Amino acid sequence: METAFQALLIIVSAVLTIVILMQSRGAGLGGAFGSQGSAYRTRRGIERYLFRGTVVLAAVFVVVALVTARLHSVQ
């Protein structure tokens, strides 16, 4: 059972990484320092789904990591 959760953790982390990388705007180094329009704007279309998917995947990652750690500590 612990092996299944470890495999799930690897899969979720890979998908989370891909979703996060899909969100990058490719602004280069200048975007890292906030020079790319830091004003509030509404997410639309696929950007909204990527953002919500990132939040859900991050929550799933945390839950699976905690369950895996708990299973490992019990044994």
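**View 1. The whole protein and its surface.** The protein exposes about 6000 Å², and carbon and sulfur atoms supply 68% of that area (accessible areas come from the Shrake-Rupley method with a 1.4 Å probe; for residues, only the protein chains shown count as cover). This is a predicted model, in which local features need pLDDT of at least 70 and side-chain atom pairs count only at pLDDT 80 or more, while totals for chains, interfaces and linings use all residues. Residues are numbered from 1 along each chain as its sequence is written, and side-chain values use heavy atoms, with hydrogens and water left out. Of the 75 residues, 13% count as buried (buried means under 20% relative accessible area, exposed over 50%, partly exposed in between, with a 1.4 Å probe and protein chains only).

**View 2. Helix α1 beside helix α3.** Two packed helices are described by the angle between their axes and the distance between the axes. Here the axes of α1 (residues 2-23) and α3 (residues 46-74) come within 9 Å and cross at roughly 155 degrees (axes are lines fitted to C-alpha atoms, for helices over the stretch in contact, and angles run from 0 to 180 degrees between N-to-C directions). The two helices are therefore roughly antiparallel to each other (under 35 degrees counts as roughly parallel, over 145 as roughly antiparallel, 65 to 115 as roughly perpendicular and the rest as oblique).

**View 3. Thr54 in helix α3.** Look for Thr54 in helix α3; this residue is buried, with a relative accessible area of 16%. Leaving aside neighbours within four places in sequence, Thr54 is in contact with Leu16, Val19, Ile20 and Gln23 (contact means heavy atoms within 4.5 Å).

**View 4. Val55 and Leu16.** Val55 also has its place in helix α3, and Val55 is partly exposed, with a relative accessible area of 47%. In sequence Val55 and Leu16 are 39 residues apart, yet in space they are 9.2 Å apart, C-alpha to C-alpha.

**View 5. Arg43 in a loop.** Arg43 sits in the loop between α2 (29-32) and α3. With a relative accessible area of 38%, Arg43 is partly exposed. Not counting residues up to four places away in sequence, Arg43 touches Arg48 and Phe51.

Key
Helix = DSSP H or I, 4+ residues; strand = E, 2+ residues; numbered from the N terminus.
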